[in-house]
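Reader: Please take a close look at a single part of this model and describe how it is put together. I would like the cut-offs stated as you go.

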Amino acid sequence: MTLAGKSVVVTGAATGIGRGITESLLKSGASVTAVGRNPEPLGELAERYGDAVTVVSQDVGASGAAERIVTAATESFGALDAVVNNAGRARFGRLEETDPAEFDAMFAVNVAAPAQLIRHALPQLRARGGSVVNISSVGGALSMPGRSFYGATKAAVNSLTRSLARELAPDVRVNAILPGPVDTPMWNETGLGEQATQQMRLDLLASTPMGRFGEATEIGQWVCLLLDPQLSGWITGALIPVDGGRTA
Ligand SMILES: NC(=O)c1ccc[n+]([C@@H]2O[C@H](COP(=O)([O-])OP(=O)(O)OC[C@H]3O[C@@H](n4cnc5c(N)ncnc54)[C@H](OP(=O)(O)O)[C@@H]3O)[C@@H](O)[C@H]2O)c1
């Protein structure tokens, strides 16, 4: 698997699954435009990987974000071959207990921002036979009591992926990965509290046939595969569970 010479944007690149994706891409020879809000982990990424990484400290939901990200990638690496929409917001809770504003906040980051980024990257992607990978979730395919808003945004990502795959073919391929549980900082920010989070971890492990959490690089390797036209040039519109069997 080689992505030598490819320029790839990864949102949410500095932590968790995004970090695993970024490291897998760099190992495959790609250059990465790494996007996130917090400059600290982004700075550490840039320091460690040097010229192969350019960082953009940017809220993906902010007005003009997509244009700034695409410009940064093309100025840094001369082109843009692929977009990995990984940044995500996860706030869990039962319907009556959830602030309705939270649906808008999650939709903005999980659905609208990826769509905008794809839209602004399209001229570059079309010119280079490029590709998109959206990081969705098994939550977009399973019923999600207590996490219905989050699940609904990921179901929207799945729909966006399939529709755009047809709309943009044959120029640009669009696929999604649906990760099962991966131990990342996301689990500490869901708003559930420590005890409920611990219980959720145990429940998730119990409902994952492989009996363990996934590793971020196990998602990263699938991103590399989906961006490599030699291996996946005939795959578009696929929703691929990488989930330890959780949806089996
Ligand atoms: N962990 C799991 O079990 C799991 C399972 C299925 C799917 N997923 C999906 O995997 C993706 C990555 O999540 P993760 O688990 O790796 O959690 P994470 O470590 O919290 O990663 C989320 C990343 O997104 C970035 N981000 C969040 N909001 C942003 C915004 N408005 N603008 C720019 N960047 C933003 C964060 O960076 P800053 O805070 O610096 O902005 C962070 O790097 C998400 O889409 C999530 O829904 C995770």
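**The sheet and what packs on it**

Author: Val-9 stands opposite Val-83 in strand 4. Helices (H or I, at least four residues) and strands (E, at least two) are DSSP runs, numbered from the N terminus. The model is predicted: local features need pLDDT of at least 70, side-chain atom pairs count only at pLDDT 80 or more, and totals for chains, interfaces and linings use all residues. Residues are numbered from 1 along each chain as its sequence is written, and side-chain values use heavy atoms, with hydrogens and water left out.

Strand 1 (residues 7-11) and strand 4 run parallel and are joined by three bridges; two strands pair if DSSP finds at least two bridges between them. They belong to an open sheet of seven strands with parallel pairing, in the order 3-2-1-4-5-6-7. Strand 3 (53-57) and strand 7 (239-242) are the edges, each pairing on one side only. From one strand to the next the twist averages 20 degrees; axes are lines fitted to C-alpha atoms, for helices over the stretch in contact, and angles run from 0 to 180 degrees between N-to-C directions.

Further along the sheet, strand 5 and strand 6 also run parallel, with five bridges between them. Ile-135 has Ile-177 as its bridge partner in strand 6. Seven of the seven residues of strand 6 are buried, so this strand is largely enclosed by the rest of the structure; buried means under 20% relative accessible area, exposed over 50%, and partly exposed in between (1.4 Å probe, protein chains only). In a regular strand the side chains alternate between the two faces of the sheet. In strand 6 both faces are covered: Arg-173, Asn-175, Ile-177 and Pro-179 are buried on one side, and Val-174, Ala-176 and Leu-178 on the other.

Helix 5 (residues 148-168) lies across strand 5 (131-135), strand 6 and strand 7, at about 160 degrees to strand 6. One link to Thr-153 comes from Asn-110: their side chains make a polar contact of 3.1 Å, a polar contact being a pair of N or O atoms within 3.5 Å; within protein, one must be able to donate a hydrogen and the other to accept it, and residues adjacent in sequence count only if both atoms are side-chain atoms. Asn-110 lies in helix 4 and is buried at 2% relative accessibility. A polar atom of the Asn-110 side chain lies 2.8 Å from the backbone nitrogen of Arg-89. Leaving aside neighbours within four places in sequence, Asn-110 has contacts (heavy atoms within 4.5 Å) that include Ala-87, Gly-88, Tyr-150, Lys-154 and Val-157.

Tyr-150 also forms one aromatic cluster with Phe-92 and Trp-187. Rings of Phe, Tyr and Trp (its six-membered ring) pair if their centres lie within 6.5 Å; planes under 30 degrees apart count as stacked, over 60 as edge-to-face and the rest as tilted. The count by this rule is four aromatic pairs. For Phe-92 and Trp-187 the ring centres are 6.3 Å apart and the planes at 65 degrees, so the pair is edge-to-face. Phe-92 is in the loop between strand 4 (82-85) and helix 4 (100-128), and Trp-187 in the loop between strand 6 (173-179) and helix 6 (194-206), so the pair ties together parts 95 residues apart in sequence. Phe-92 is buried at 8% relative accessible area, and Trp-187 is buried at 7%. Arg-147 lies over the face of Phe-92, 5.5 Å from the ring centre; a charge sits over a ring if NZ of Lys or CZ of Arg is within 6 Å of the ring centre and within 35 degrees of the ring normal.
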